[in-house]
Amino acid sequence: MDDFILPPDLRYCWTHNIDGKLIEEIQQFNFPEKSEYYLNHIRKLTCIRCGHKGGQAHHIKRASGLGKKNPDWFTIPICEKCHVPYLHSTVGEPQFLKEISNTIGGLDIELFCKLSFYMWMYNYN
């Protein structure tokens with residue numbers, strides 16, 4: 001059972017039933033800038049694009065200044081095969097985020113990342 005990999009569309013099926021109360025809670029929450037524990041959790045997940053193991057934590061680049069890395073909660077799990085060759089060169093982040101939109105229930109990527117961090121903090125941490 002160790003080799004079983006849950007495909008991204010099933011892993012993130014929870015994103016299709018988010019209620020307004022949870023979104024309100026998240027908008028009131030003060031997210032930390034740094035969390036190595038969360039990054040370690042993200043790295044253990046399978047790739048959000050293809051579902052393969054060997055995850056890396058990709059910091060979303062939107063709204064960051066030159067040379068400024070976004071907070072650790074603003075990350076997604078991605079495998080080595082998809083990270084640099086696909087996300088950083090072939091397709092690029094904006095197109096990549098459009099491609100995974102269906103996987104994450106059409107949520108805005110920032111809201112998805114906040115929800116993921118919040119759920120990890122209260123359910124798995």
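Analyst: One term before we dig in: contact means heavy atoms within 4.5 Å. Also keep in mind that this is a predicted model.

User: Okay, which residues in α3 meet C113, S116, F117 and W120 in α6?

Analyst: Start by finding the two helices: α3 covers residues 36-44 and α6 covers residues 109-123. From the α6 side, C113, S116, F117 and W120 take part in the contact. Their partners in α3 are Y37, Y38 and H41.

User: By class, how many residues in the contact of α3 with α6 are nonpolar?

Analyst: Let's sort that contact by class. There are no charged residues and two polar ones. The nonpolar count is five.

User: Are α3 and α6 roughly parallel or roughly perpendicular to each other?

Analyst: Their axes sit 11 Å apart, and the helices pack at about 105°. Angles of 65 to 115 degrees count as roughly perpendicular. The angle falls in that range, so α3 and α6 are roughly perpendicular.

User: Which residues of α6 make the contact with α2?

Analyst: On the α2 side you'll find L22, I23, E25 and I26. By class, this contact has six nonpolar residues, two charged ones and no polar ones. The α6 residues are L111, K114, L115 and Y118.

User: Which element gives the most to the largest nonpolar core?

Analyst: This core has 33 residues, and those touching the most other members are I48, I60, I76, F96, I109, F112 and C113. Several elements each supply at least two residues, among them α2, β2, α4 and α5. With eight residues, the element that gives the most is α6.

User: Is I100 buried or exposed?

Analyst: I100 is in the loop between α5 and α6. Leaving out residues up to four places away in sequence, I100 touches I48 and I109. Buried means under 20% relative accessible area. With a value of 2%, I100 therefore counts as buried.

User: How far apart in space are I100 and P8, C-alpha to C-alpha?

Analyst: Along the chain, I100 and P8 are 92 residues apart. In space, going from C-alpha to C-alpha, the separation is 9.1 Å.

User: The side chain of T15 reaches the backbone oxygen of which residue?

Analyst: T15 is in the loop between α1 and α2, and its relative accessibility of 3% makes it buried. Beyond four places in sequence, T15 touches T103, I104, G105, L107 and F112. One of these supplies the backbone oxygen, at 3.2 Å: I104.

User: And the side chain of T75, which backbone oxygen does it reach?

Analyst: T75 belongs to strand β2 and is buried, at 1% relative accessible area. Its contacts beyond four places in sequence include Y38, L39, I42 and C113. At 3.0 Å, the T75 side chain reaches the backbone oxygen of D72.

User: Is F29 buried or partly exposed?

Analyst: F29 lies in the loop between α2 and α3. Setting aside neighbours within four places in sequence, F29 is in contact with F117, Y118, M121 and Y122. The buried class stops under 20% and the exposed class starts over 50%. At 22%, F29 therefore counts as partly exposed.

User: What is the relative accessible area of D19?

Analyst: D19 is in the loop between α1 and α2. Its side chain reaches the backbone nitrogen of L22 at 3.0 Å. D19 is partly exposed, with a relative accessible area of 43%.

User: What separation do the C-alpha atoms of E33 and D72 have?

Analyst: E33 sits in the loop between α2 and α3. Beyond four places in sequence, E33 is in contact with P71 and D72. E33 and D72 are 39 residues apart along the chain, and their C-alpha atoms are separated by 6.0 Å.

Notes: Residues numbered from 1 in each chain as written. Predicted model: local features only at pLDDT ≥ 70, side-chain atom pairs only at ≥ 80, totals over all residues. Heavy atoms only, no water. Axes fitted to C-alpha atoms, helices over the stretch in contact; angles between N-to-C directions. Helix = DSSP H or I, 4+ residues; strand = E, 2+ residues; numbered from the N terminus. Parallel < 35°, antiparallel > 145°, perpendicular 65-115°, else oblique. Nonpolar A, V, L, I, M, F, W, Y, C, P; charged D, E, K, R; others polar. Core = buried A, V, L, I, M, F, W, Y, C linked by side-chain atoms within 4.5 Å. Buried < 20%, exposed > 50% of the residue type's maximum accessible area, 1.4 Å probe, protein only. Polar contact = N/O pair within 3.5 Å; in protein donor to acceptor, adjacent residues only side chain to side chain.
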